[in-house]
Amino acid sequence: MPGGLLRVVTAGSVDDGKSTLVGRLLHDAKAVLADQMTAVEAASERRGYAGADLALLVDGLRAEREQGITIDVAYRYFATAKRTFILADTPGHVQYTRNTVTGASTADVAVILADARSGVVEQTKRHLAVVSLLRVSEIVLAVNKMDLVGYAESRFDEIVADFAAAATSLGVDHFTPIPIAALAGDNVVVRSENMPWYSGESLLEFLETVEPSAGPDLPARLPVQVVIRPRSSDYPDYRGYAGRVEAGVLRRGDKVQILPSGRFSTVAGIDTPTGELDSARAGRSVTVRLTDDIDVARGDQIVVDGEPAPLVTREIEATLCWLTDRPLRSADRFQLRHTTRDVRAVVDAVESKLDIASVQPIAAAEMGLNDIGRVRIRLAEQIVVDPYVRNRSTGAFLLVDESSGATVAAGLVH
């Protein structure tokens, strides 16, 4: 496939038309099976709609259909002649911001919708804040329902200007605005004749050709998930360290350092279920053998000696997206989950939170549901981290409630 895989997340307020947009995209890109379309047409007829409600293609849960809202992240896979896509349709309600965090955490492109009638609202800014914090490299502002404002260029320009002001406050230096009408299909797959003043690409044309920033070449990072010692007659002395290469390239013969212990060794072999490799790139799950019999445990990281090293620390400053009704205050205790390591943690201080209306940080002593803020955290043991701006995998973590096991926050290391 010429363009490769692209991960896309859609976000917007309730009734901005996210599901309709995704349904229209799938339908007009001819990515809908005949039986799926038949089911949608039948469901639409039962509801008394004049035509097929394409939003039903992505509102897969019965509760969603009954309420007409999206309450979970709906993933869809489709392909065109130029590229394959994984598309995450996230909920619009503010209480489901955590789902937006989930969908955006792995996305290359974020499509943020705004209703042409209501423009940039608080939830639009919240979604922009989330995708900017998560360093999604490409952001599309899709101004939907242009048909309901007479396809007016002036209204589109007003919304783009409002969005640009919020983006600048968050440090977002570029985004791509596209005027669309998802219900009718204007500028979704085919360029619209109703908006001759717009000379840019349709949404699908943009998604098929955009090249997300790959970021700098990253140093190798292999968090150890499990130590493999079969002790069988076939493998009496085998000792391997299994995990996924989260960044960079690990090669046989590399001199490596084990963190946090700081011990050195050399890669003797890289094993996979289908055979041995000379090297393994980011995203590949492998088992690494070392030339030395040194102490390596789950949660340790294998890094290449001579490359920029991560930080080994018991204190971190971070941005949190708080995901539960219980307020976060200083001295609260949690389990911090980072790569393959779990450690006990205490919040030293809540320093500030983001005021969504002004998109500016304000002083705060606590954080509530869906707040985004800056905190200091102390840990019971050392962890091996990179700043999130350098590495999205080893710079992110979760906070887990120790009593319930529920995830209460997503964090980004500064």
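Trainee: How do the residues lining the second largest cavity divide into nonpolar, polar and charged?

Mentor: This is a predicted model, in which local features need pLDDT of at least 70, side-chain atom pairs count only at pLDDT 80 or more, and totals for chains, interfaces and linings use all residues. Residues are numbered from 1 along each chain as its sequence is written, and side-chain values use heavy atoms, without hydrogens and water. Ala, Val, Leu, Ile, Met, Phe, Trp, Tyr, Cys and Pro count as nonpolar, Asp, Glu, Lys and Arg as charged, and the others, Gly among them, as polar. On that basis the lining of the second largest cavity divides into seven nonpolar, one polar and no charged residues.

Trainee: Which residues line the second largest cavity, and which elements give two or more of them?

Mentor: A cavity is a set of points on a 1 Å grid over the protein atoms alone where a 1.4 Å probe fits but cannot get out, and lining residues have an atom within 4 Å of a point. Here the lining consists of V8, T10, L21, V22, L25, L87, V111 and L203. Helices (H or I, at least four residues) and strands (E, at least two) are DSSP runs, numbered from the N terminus. The elements that give two or more residues to this lining are β1 (5-11) and α1 (18-28).

Trainee: What is the volume of the second largest cavity?

Mentor: Rolling a probe the size of a water molecule over the atoms shows where empty space is left. Grid points are joined across faces, edges and corners, and a volume is the space filled by probe spheres set on the points. For the second largest cavity this comes to about 30 Å³.

Trainee: Is α1 mostly covered or mostly open, and how many of its residues are buried?

Mentor: A residue is buried at under 20% relative accessible area, exposed at over 50% and partly exposed in between (1.4 Å probe, protein chains only). In α1 the buried residues are K18, S19, T20, L21, V22, G23, R24, L25 and L26. The helix is mostly covered, and its buried count is nine of eleven.

Trainee: What is the volume of the largest cavity, and which element gives the largest share of its lining?

Mentor: The structure holds two cavities of 30 Å³ or more, and the largest has a volume of about 80 Å³. Its lining is made up of V101, V130, L133, L134, T319, L320, C321, A410 and L412. Two or more of these come from each of α5 (122-133), β17 and β25 (407-413). The largest share, three residues, comes from β17.

Trainee: Why is α5 called largely enclosed?

Mentor: The buried residues of α5 are Q123, T124, R126, H127, L128, A129, V130, V131 and S132. The helix is largely enclosed by the rest of the structure because its buried residues number nine of twelve.

Trainee: How far does α5 reach from its first C-alpha to its last?

Mentor: The expected span of a helix is 1.5 Å times one less than its number of residues. With twelve residues, α5 is expected to span 16 Å, and its reach is close to that, at 16 Å.

Trainee: How many aromatic pairs are there, and is the pair F78 and F85 stacked or edge-to-face?

Mentor: Rings of Phe, Tyr and Trp (its six-membered ring) pair if their centres lie within 6.5 Å; planes under 30 degrees apart count as stacked, over 60 as edge-to-face and the rest as tilted. The whole structure has five such pairs. For F78 and F85 the centres are 4.8 Å apart and the planes at 15 degrees, which makes the pair stacked.

Trainee: Why is the pair W322 and F334 edge-to-face, and in which strands do the two residues lie?

Mentor: The ring centres of W322 and F334 are 5.8 Å apart and the planes stand at 70 degrees, so the pair is edge-to-face. The two residues, twelve apart, link distant parts of the chain: W322 lies in strand β17 (residues 311-322) and F334 in strand β19 (residues 333-338).

Trainee: Which charged residue sits over the ring of F264?

Mentor: A charge sits over a ring if NZ of Lys or CZ of Arg is within 6 Å of the ring centre and within 35 degrees of the ring normal. At 5.2 Å from the centre of the F264 ring lies the charged end of K255.

Trainee: How far apart in space are S285 and R244, C-alpha to C-alpha?

Mentor: S285 is in strand β15 (residues 285-290) and is partly exposed at 47% relative accessible area. In sequence S285 and R244 are 41 residues apart, but in space the C-alpha to C-alpha distance is 4.0 Å.

Notes:
1 Å grid on protein atoms, 1.4 Å probe; cavity = no way out; pocket = protein on both sides within 12 Å on 5 of 7 lines; lining within 4 Å.
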